[in-house]
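Thanks for coming. Please look at the sequence and the model on the screen, and I will go through them.

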Amino acid sequence: MASVIRGECPSPVPLKEKRLLDVRIAELPSWVLMRDFTPTGIAALPAPFGRGYDRYYNKYVNVGEESVAGVSMVLAACVGFSYCLSYKELQHERLRKYH
């Protein structure tokens with residue numbers, strides 16, 4: 001009731017269903033305590049990653065006009081990952097002297 005008097009409108013979404021970015025600093029400890037840390041709750045964690053993948057796919061790959069932006073980003077990530085894996089061998093080749 002006090003929040004209505006101060007001019008703030010009450011939250012229509014229950015605290016447990018709010019996203020982390022929508023939680024206020026004062027509500028953060030109770031929001032964290034409401035999270036489900038059981039194995040079943042942790043197994044449900046990939047849902048945000050699935051939403052992120054869907055957003056990426058719809059923005060860069062599944063667009064109305066032809067574009068290679070999404071595919072080139074994935075290709076660049078693969079090249080960067082491959083470079084990280086073979087860095088030790090590449091560094092060894094760089095330090096070798098040829099004469």
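I will start with one pair of residues. Glutamate 27 forms a salt bridge with lysine 18, and their closest N and O atoms are 3.4 Å apart. The term salt bridge here means a side-chain nitrogen of Lys or Arg within 4 Å of a carboxyl oxygen of Asp or Glu. Side chains of opposite charge can pair when their charged atoms come close. How many salt bridges does the structure hold? The count is 1.

Before going on, a note on where this comes from. This is a predicted model, in which local features need pLDDT of at least 70 and side-chain atom pairs count only at pLDDT 80 or more, while totals for chains, interfaces and linings use all residues. Residues are numbered from 1 along each chain as its sequence is written, and side-chain values use heavy atoms, with hydrogens and water left out.

Now the overall layout. The protein has 6 helices and 0 strands, and the pattern along the sequence reads α-α-α-α-α-α. Helices are DSSP runs of H or I with at least four residues, strands are runs of E with at least two, and both are numbered from the N terminus. Of the 99 residues, 6% count as buried. Buried means under 20% relative accessible area, exposed means over 50%, and partly exposed is in between, with a 1.4 Å probe and protein chains only. The protein exposes about 9200 Å², and carbon and sulfur atoms supply 65% of that area. Those areas come from the Shrake-Rupley method with a 1.4 Å probe; for residues, only the protein chains shown count as cover.

Back to the pair. Where is lysine 18 found? Lysine 18 sits in the loop between helix 1 (2-5) and helix 2 (28-34). Glutamate 27 also has its place in the loop between helix 1 and helix 2. Is lysine 18 buried or exposed? Lysine 18 counts as buried because its relative accessible area is 12%. Glutamate 27 is at 23% relative accessibility, so glutamate 27 counts as partly exposed.

The side chains of these two residues also make a polar contact of 3.4 Å. A polar contact is a pair of N or O atoms within 3.5 Å; within protein, one must be able to donate a hydrogen and the other to accept it, and residues adjacent in sequence count only if both atoms are side-chain atoms.

What else does glutamate 27 touch? Leaving out residues up to four places away in sequence, glutamate 27 touches Leu15 and Lys18, where contact means heavy atoms within 4.5 Å. Leucine 15 and glutamate 27 are 12 residues apart along the chain, and their C-alpha atoms are separated by 8.0 Å.

Next, arginine 19, which lies in the loop between helix 1 and helix 2. Arginine 19 has a relative accessible area of 52%, so arginine 19 is exposed. From arginine 19 to tryptophan 31 is 12 residues in sequence and 9.5 Å in space, C-alpha to C-alpha.

Last, the aromatic rings. Rings of Phe, Tyr and Trp (its six-membered ring) pair if their centres lie within 6.5 Å; planes under 30 degrees apart count as stacked, over 60 as edge-to-face and the rest as tilted. By this rule there is 1 aromatic pair. Tyrosine 83 and tyrosine 87 form that pair edge-to-face, at 5.9 Å centre to centre with 70° between the planes. Tyrosine 83 counts as partly exposed because its relative accessibility is 45%, and tyrosine 87 counts as partly exposed at 38%.
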